[in-house]
Amino acid sequence: MIAIGCDHAAVKLKNTIKEHLIAHGMEVEDFGCFSDASVDYPDYALKVAEAVAEQKCDKGILICGTGIGMSMAANKVKGVRCAHCSDTFSAKATRQHNDANVLALGERVVGVGLALEIVDCFVNTPFSNDERHIRRINKINDIESKYFK
């Protein structure tokens, strides 16, 4: 199950990505928003991040104007490794190396075609399970444990 959410700046791209994922046989839980009326992106980042952190969803996708605010907010949730990506190489690498579980995109940064390619790379690339990457993720988890009380 893929959790998806956006703010008012990215409703159109969110809906396109959602339709794309469903067309490719994936289940999607849409956490909003659902209109272009102004909202606060942290509210939607939190909903998606919590769904992933609580393992209600396998991965998450967040979209706002740039993707930056969404990624910052999502990464405040313990257990979330949100990667802001604007290219397919980064989307693939963050899955292989970082086992990222949430993707952040910017509707004003990437076009629809590229966004769908990035999403495909993110959802279809497995984590490498390489010992060095596991060691590094464990160090990230140690930082979380230190600062997330």
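Visitor: Which residues of helix 2 are buried?
Guide: In this predicted model, the buried residues of helix 2 are Tyr-44, Ala-45, Val-48, Ala-49, Ala-51 and Val-52. Buried means under 20% relative accessible area, with a 1.4 Å probe and protein chains only; helices are DSSP runs of H or I with at least four residues, and strands are E runs of at least two, numbered from the N terminus.

Visitor: Where do they lie around the axis?
Guide: They cover an arc of only 160°, which puts them on the same side of helix 2. The arc is that of the directions from the helix axis to the C-beta atoms.

Visitor: What covers them?
Guide: The cover includes strand 1, strand 3, helix 3 and strand 5, where contact means heavy atoms within 4.5 Å.

Visitor: And what follows helix 2?
Guide: Helix 2 is followed by Gln-55, whose phi is positive, near 60°.

Visitor: Changing topic, how many helices and strands does the protein chain have?
Guide: There are six helices and five strands. From the N terminus on, their order is β-α-β-α-β-α-β-α-β-α-α.

Visitor: What share of the residues is buried?
Guide: Of the 149 residues of the protein chain, 46% count as buried.

Visitor: Which contacts does Leu-105 make?
Guide: Not counting residues up to four places away in sequence, Leu-105 touches several residues, including Ile-17, Ile-61, Ile-63, Ala-115 and Val-119.

Visitor: Which conventions apply?
Guide: Residues are numbered from 1 along each chain as its sequence is written. Local features need pLDDT of at least 70, side-chain atom pairs count only at pLDDT 80 or more, and totals for chains, interfaces and linings use all residues, while side-chain values use heavy atoms, leaving out hydrogens and water.

Conventions
Buried < 20%, exposed > 50% of the residue type's maximum accessible area, 1.4 Å probe, protein only.
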